[in-house]
Amino acid sequence: MDWSWESAANSVPLLLEGLLVTVEITLLASVVAYALGLVFALIRRTGIPVLSQAVLLFIEFVRSTPLLIQVFVLYYVIQPVGGMTLSPFTTGVIALGVHYATYAAEVYRAGIEAVPKGQWEATTALNLPRSRVWTAVVLPQAVPRVLPALGNYTISMFKETPLLLAIGVVDVLARAKEVGADTFRVTEPYTLAGVLFLLVSLPASILVRRLERRAAHS
Amino acid sequence: MPPTVDSPMIRFSQVVKSYGDHVVLRDLDFTVAPGEFVSLIGPSGSGKTTILRLLMTLEKLDGGTIEVCGDYLSHMKRGEKLVPADEKYLREARKRIGMVFQQFNLFPNMNVLRNITEAPIHSLGLSRDEAEARAVELLEMVGLTDKKDEHPTRLSGGQQQRVAIARALAMRPDVLLLDEVTSALDPELVADVLRVLREIATSTDITILCVTHEMQFARDVSDRVMMFDQGQVLEDATPDKLFNDPEHDRTRRFLKAVIDRA
């Protein structure tokens, strides 16, 4: 194989710039997914008529269609129709965040259901207000248990960000493509792009596994 | 204290409760006087725990009415009509009642002190200082002052149950419901819990309903014992009478079975 260390080294600064964008999108989309997922789960749980069904329908719809199509629709259809001009970066954060929120909702649901019935009964016996039942008793027990699962979704999101190349987000992969076009050498930038993904997701996976073990112990 | 029929603390009138086809309580009537300690005994499935769960509003009844302190518990008056109570009404009605569970049900994410102060602060509106002072007093009574910063998971079952008793008392209920509170404990831990309950029974004027299989305890502390069978009161007497000279053969057989097992 024809491999040039010099060309590899030259592509590193640009690739790192791209990696920063990838990580930023992943973290911001995670925040959206975690927060919105919890809202979805709570709406489903409280069973508010119409709203609850609407959320269920939305969740099923988002999960049953490919992320790439959702990204395209959000960027090329919904935005122009709604008269919005969001950057590719923001669009990417929203698309990934909302997509994964539908999965996070399921994770939260399972976590909430795992809180023993006796805990709910104790809150009734103590006459705790609804808000305290959730914020002081149920969520503090449910959320730590689901952190590993949420962490895994963050890693998945990280690996899916290159999809946003399609709407012009300049992430690692886009930078690799750019380097390839400039230097007519593709082996080095694409290989390094893959290595960079590995360097981030591998330690992240180890961290999540450690979280899992701690959750299992407590 | 003799039961005063005029102004009972608790009154069950024609209470019906069923799960699907299975009728747990059928047309149940009884009253409990203020300050009385009443033990509910009987075979499992006879409806004893269901009575406590109805009083704690953990279950909805299917017929009849329950009154606590002269006010309806499960129903509220709308004009002249009785309608099922809404959540707001229940929140008010529940203030009079506290419950200790077989499985303790302490909050594992809070330390002992917060387990006890959480509801007084957020349900009764006490200040943190007031609630903590009250909690420390109660921990002293149950003999666990040194555990106030521990997490429940680090305590023995008997210690957890004593914290749960303190937690229920911190709400200053008029009625305390004890649901087989020693059944989940190792035998050597039962004595400490019973000692605490004895103290509550003698030193406070709380009305207590106690579902238990601890016959010696029931005999010692109860003002009255009710023997349940198939969702109805089979026998309702002083402990002396019920344990020494029961009216029904069914009661005799039940007591013999329990004593033989122990």
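This is a predicted model: local features need pLDDT of at least 70, side-chain atom pairs count only at pLDDT 80 or more; totals for chains, interfaces and linings use all residues.

Biologist: Let's zoom out. How many helices and strands does chain B have?

Modeller: Chain B has 9 helices and 12 strands. Its C-alpha trace spans about 55 × 50 × 35 Å along the principal axes.

Biologist: What radius of gyration does chain B have, next to a compact globule?

Modeller: Chain B comes out at 18 Å, and a compact globule with 262 residues would be near 18 Å, so the two agree. Buried residues make up 43% of chain B. As for contacts between residues at least 6 apart in sequence, 65% of those in chain B join residues at least 24 apart.

Biologist: Which domains does the assignment give for chain B?

Modeller: Domain 1 is 1-96 + 179-262, and domain 2 is 104-172. Taken over C-alpha atoms, the centres of domain 1 and domain 2 of chain B are 25 Å apart.

Biologist: How many residues are in contact between them?

Modeller: In chain B, 9 residues of domain 1 are in contact with 8 residues of domain 2. The domain 1 side of that contact has 6 nonpolar, no polar and 3 charged residues.

Biologist: I clicked on B:Ala166. Where is that?

Modeller: B:Ala166 is in helix H5 of chain B, residues 157-169.

Biologist: Buried or exposed?

Modeller: Buried, because B:Ala166 has 25 C-beta neighbours inside 10 Å, and the cut-off for buried is 20 or more.

Biologist: Which residues does B:Ala166 touch?

Modeller: Leaving out residues up to four places away in sequence, B:Ala166 touches B:Ile116, B:Leu138, B:Leu139 and B:Val142.

Biologist: Now B:Gly20. Where does that one sit?

Modeller: B:Gly20 is in the loop between strand S1 (10-19) and strand S2 (22-32) of chain B. B:Gly20 counts as exposed because it has 5 C-beta neighbours inside 10 Å, and exposed means 12 or fewer.

Biologist: How are B:Gly20 and B:Leu242 separated?

Modeller: Their C-alpha atoms are 33 Å apart, and along the chain B:Gly20 and B:Leu242 are 222 residues apart.

Biologist: Switching to chain A. How many helices and strands?

Modeller: Chain A has 8 helices and 0 strands. The C-alpha trace of chain A spans about 70 × 45 × 25 Å along its principal axes. Of its 218 residues, 33% count as buried.

Biologist: And the contacts in chain A with a separation of 6 or more?

Modeller: Residues 24 or more positions apart account for 82% of those.

Biologist: How do H6(A) and H8(A) cross?

Modeller: Their axes come within 8 Å and cross at roughly 170 degrees. H6(A) and H8(A) are therefore roughly antiparallel to each other, as angles over 145 degrees count that way.

Biologist: Which residues meet there?

Modeller: Among them are A:Leu147, A:Ile155 and A:Phe158 in H6(A), and A:Phe197, A:Val200 and A:Leu211 in H8(A). By class, the contact of H6(A) with H8(A) has 11 nonpolar, 4 polar and 3 charged residues.

Biologist: Last topic: how many residues does each chain put into the contact between A and B?

Modeller: The contact takes 15 residues from chain A and 19 residues from chain B. On the chain A side, helix H5 (117-125) and helix H6 (130-160) each supply at least two residues.

Biologist: Which one gives the most?

Modeller: H5(A) does, with 6 residues. The side of chain A that touches chain B has 8 nonpolar, 5 polar and 2 charged residues.

Methods:
Residues are numbered from 1 along each chain as its sequence is written. Chains are lettered from A and ligands numbered from 1 in the order in which they are written. Helices (H or I, at least four residues) and strands (E, at least two) are DSSP runs, numbered from the N terminus. The radius of gyration is taken over C-alpha atoms; the globule rule is 2.2 Å times the number of residues to the power 0.38. Two residues are in contact if their C-beta atoms, placed from the backbone, lie within 7 Å. Domain bounds come from an automatic or database domain assignment. Ala, Val, Leu, Ile, Met, Phe, Trp, Tyr, Cys and Pro count as nonpolar, Asp, Glu, Lys and Arg as charged, and the others, Gly among them, as polar. Axes are lines fitted to C-alpha atoms, for helices over the stretch in contact, and angles run from 0 to 180 degrees between N-to-C directions. Angles under 35 degrees count as roughly parallel, over 145 as roughly antiparallel, 65 to 115 as roughly perpendicular and the rest as oblique.
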